[in-house]
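Colleague: I have just opened this one and would like to go through it with you. Could you take my questions as they come?

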Amino acid sequence: MKRSSSSEETDEQYEGCLSFFDVRGLVPRPLKITVETTTLTGETVTTMYDRGLARLIHHEIDHLHGLLYISRMGAGVEPIPVEEYRQTGHAWMYDGTRG
């Protein structure tokens with residue numbers, strides 16, 4: 001990955017991670033992210049991701065920079081046990097659709 005940029009528009013959704021398998025955290029993320037990468041042949045490719053895929057890519061880019069999602073959670077917001085999260089019924093939703 002060469003670089004990335006993201007939209008100023010964000011939303012908050014619950015995320016999980018294998019680093020913290022038993023909890024979920026409410027994390028704000030950009031709704032759109034643009035990532036510039038280099039292919040194996042040396043070509044530069046720019047890809048734009050939105051909504052759920054932007055969240056996933058941003059989460060993984062954070063790992064490349066040594067960050068975990070808990071560092072992105074708001075002040076005073078704590079992770080919740082996965083059992084409690086499952087009872088919320090909250091899947092990632094964007095404009096009334098899953099995604």
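Colleague: Which residue in β3 does glutamine 13 stand opposite?

Modeller: Keeping in mind that this is a predicted model, glutamine 13 stands opposite valine 27 in β3. Strand β3 covers residues 20-30 and runs antiparallel to β2, and the two are joined by seven bridges.

Colleague: And in what order do the strands of that open sheet come?

Modeller: The order is β2-β3-β6, three strands with antiparallel pairing. The edges are taken by β2 (10-17) and β6 (80-81), and because each of these has a single partner strand, one side of each is left without a neighbour in the sheet.

Colleague: What about β4 and β5, how do they pair?

Modeller: Strand β4, residues 32-38, and strand β5, residues 44-50, pair in the antiparallel sense over seven bridges. Threonine 38 has threonine 44 in β5 as its bridge partner, and the hairpin has five residues between the strands, with glycine 42 taking a positive phi near 90°.

Colleague: Changing topic, how far apart are the end C-alpha atoms of helix α1?

Modeller: They are 20 Å apart, which agrees with the span of 20 Å that the 14 residues of α1 (residues 51-64) should have at 1.5 Å a residue. Just after the helix, glycine 66 takes a positive phi of about 80°.

Colleague: Which residues of α1 are buried?

Modeller: The buried residues in α1 are Gly52, Ala54, Arg55, His58, His59, Ile61 and Asp62. For Arg55 the relative accessibility is 1%, and it counts as buried because that is under 20%.

Colleague: What does arginine 55 meet in a salt bridge, then?

Modeller: Its side chain meets that of aspartate 11, at 3.1 Å from N to O. This pair links distant parts of the chain, since arginine 55 is in helix α1 and aspartate 11 is in strand β2, 44 residues apart. Aspartate 11 is buried, as arginine 55 is.

Colleague: And which salt bridges does glutamate 15 form?

Modeller: One is with arginine 29, where the closest N and O atoms are 2.8 Å apart. Glutamate 15 lies in strand β2 and arginine 29 in strand β3, so this pair ties together parts that are 14 residues apart in sequence. Glutamate 15 also forms a salt bridge with arginine 55, with the closest N and O atoms 2.6 Å apart, and that pair links parts of the chain 40 residues apart.

Colleague: Which residues do the shared partners join into one network?

Modeller: The network holds Asp11, Glu15, Arg29, Arg55, Asp62 and Arg72, joined by salt bridges that share partners.

Notes:
Residues are numbered from 1 along each chain as its sequence is written. This is a predicted model: local features need pLDDT of at least 70, side-chain atom pairs count only at pLDDT 80 or more; totals for chains, interfaces and linings use all residues. Side-chain values use heavy atoms; hydrogens and water are left out. Helices (H or I, at least four residues) and strands (E, at least two) are DSSP runs, numbered from the N terminus. The expected span of a helix is 1.5 Å times one less than its number of residues. Buried means under 20% relative accessible area, exposed over 50%, partly exposed in between (1.4 Å probe, protein chains only). Two strands pair if DSSP finds at least two bridges between them. A salt bridge is a side-chain nitrogen of Lys or Arg within 4 Å of a carboxyl oxygen of Asp or Glu.
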